[in-house]
Amino acid sequence: MTPRHRTINLRRSDLTDAQNLRDLPSVDETLGRLSALDADYPRTLIVAEIRRALEEAIRALRAGSEPVPIDIQVREALAAFAAPSLRGVINATGVILHTNLGRAPLGPQDLIAGYSNLEYDLASGKRGKRDVHTGRLLEGLLGRPAIAVNNNAAAIYLTLHELAAGYEVIVSRGELIEIGDGFRIPEIMARSGAILREVGTTNRTHIDDYRQAINERTRLLLRVHPSNFRISGFTARPALKELAALGREVSIPVYEDLGSGCLFDMKPYGIDEPLVGDSIRDGADLVSFSGDKLLGGPQAGILAGKPELVSRLRRNPMFRALRLDKTINQILEGMLRNLLLERWDRIPALRMIRLDVAQIRERAQAMANSLDSVAATVIAGTSLIGGGSTPEQALPTYLIAIECEDVVALERRLRRGDPPIIARIEDQRLLLDLRTVFPKEEPILVKAILNESKAGQ
């Protein structure tokens, strides 16, 4: 009987792909060609990147596309490991608390190298508490004991977990906000173990709504300042003094999350935000706010209020999980000292907010004049606070408006430069706002614009 043979039909592309796969170099062959890299990178890392590059090349060939040459891919990957990913940028957008650029800009830092007395009492020679370094300054600013955790969401979580886990927290439906990056007040409450009790409607909540919702399981009255949005029109909510009076009447603490953390009156500079001190004076038993918004410091969440409540929060086991590290402690301490001593200009965000618009115009005109080969004019505009603070509030400023043939390409080249320069595009013009540009950065900005403008010609 004649054996039956299976016929295999190969397409020309299958043969080509198979040939291309056979043409790929081996790991050892590639390692030999890249032996000069041994002086700068560990051998194990080089080998791992070669294998990763080969795997990507195989996937590309099977998908019918041309792979990046192995040697180039390995060199670029190793160089990316060696270069810092977190880099300083020049913020020319005019957004002072730019969330994507780290919110409040930090001033020069003289960080402690080596060891420090983070948790060591030098006077007694015994173990100390790390929050004493910021706590005494916060109490000096607010007149209440205070602690700091790693952000304001953590402050909210810690408060709810300690004061209301397993019990009800009453909050207005109009204050159930999203605080950024998809994190929402109801979700934080659920994770803390607290039970949400909504009262009122989206636009109107009255003091009697709170009163009627109080029962034997109520442990906290929560008030959330809408720092990142506004509801206008037919709206109402009880004043904090009313809510605090109700809290005292029924012996239930009132907790206000202020978000932005405004410590001094900014109305003379065009910013209308509630003051932390006013909330405490109006009867809030506990307040929380961010460290990296209008406070002008690093990322942190501050909790301040009645001694017995702050003491409970500090004893909660979650406080250790949420506390600040030594670096943020030091930066926050320095910033709080500047606030207490009213050294406003040492806090970059506050200095930018307080800048005189005539000064910005003068700087902008001087820079526009230096851009002699670029079509640059000075126009009136607005700066934003940003960072989820002061919605619909803007500061007057002057902008440098640059016109060119391909403004999108110019913005991209500046953004990918060294240092990266972040600007904004409106009406087919590149706009630069010097309110958020440090004076020492101006020569760098001028040079980059001149160079990149020439490169685009």
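Predicted model: local features only at pLDDT ≥ 70, side-chain atom pairs only at ≥ 80, totals over all residues.
**Exercise 1. Where is the place of R103, in terms of β1 and β2?**

Residues are numbered from 1 along each chain as its sequence is written, and side-chain values use heavy atoms, leaving out hydrogens and water.

*Solution.* Start with the elements: helices (H or I, at least four residues) and strands (E, at least two) are DSSP runs, numbered from the N terminus. R103 belongs to the loop between β1 (90-91) and β2 (120-121). Next, look at its backbone: phi is near 55°, a positive value in a residue other than glycine. Now try E342, found in the loop between α13 (326-340) and α14 (348-354); its phi is positive too, about 55°, although E342 is not a glycine. For background, most residues other than glycine have a negative phi, and most peptide bonds are trans. Finally, visit P419, in the loop between α16 (407-415) and β15 (421-422). A cis peptide bond links D418 to P419, with omega about 0°.

**Exercise 2. Work out the strand order of the open seven-stranded sheet and find its edges.**

*Solution.* Strands pair if DSSP finds at least two bridges between them. Reading across gives β4-β12-β11-β10-β9-β5-β8, with mixed pairing. β4 (146-149) and β8 (195-199) each have a single partner strand and stand at the edges, so one side of each lacks a neighbour in the sheet. From one strand to the next, the twist averages 25°. Now zoom in: β9 (residues 218-224) and β10 (residues 254-259) pair in the parallel sense over four bridges. Within this region, L222 stands opposite Y255 in β10.

**Exercise 3. Describe how α15 meets α17.**

*Solution.* First, the geometry: the axes of α15 (residues 357-370) and α17 (residues 442-455) come within 10 Å and cross at roughly 35° (axes are lines fitted to C-alpha atoms, for helices over the stretch in contact, with angles from 0 to 180 degrees between N-to-C directions). Second, the residues: R363, M367 and S370 of α15 meet E442, L445, V446 and L450 of α17, where contact means heavy atoms within 4.5 Å.
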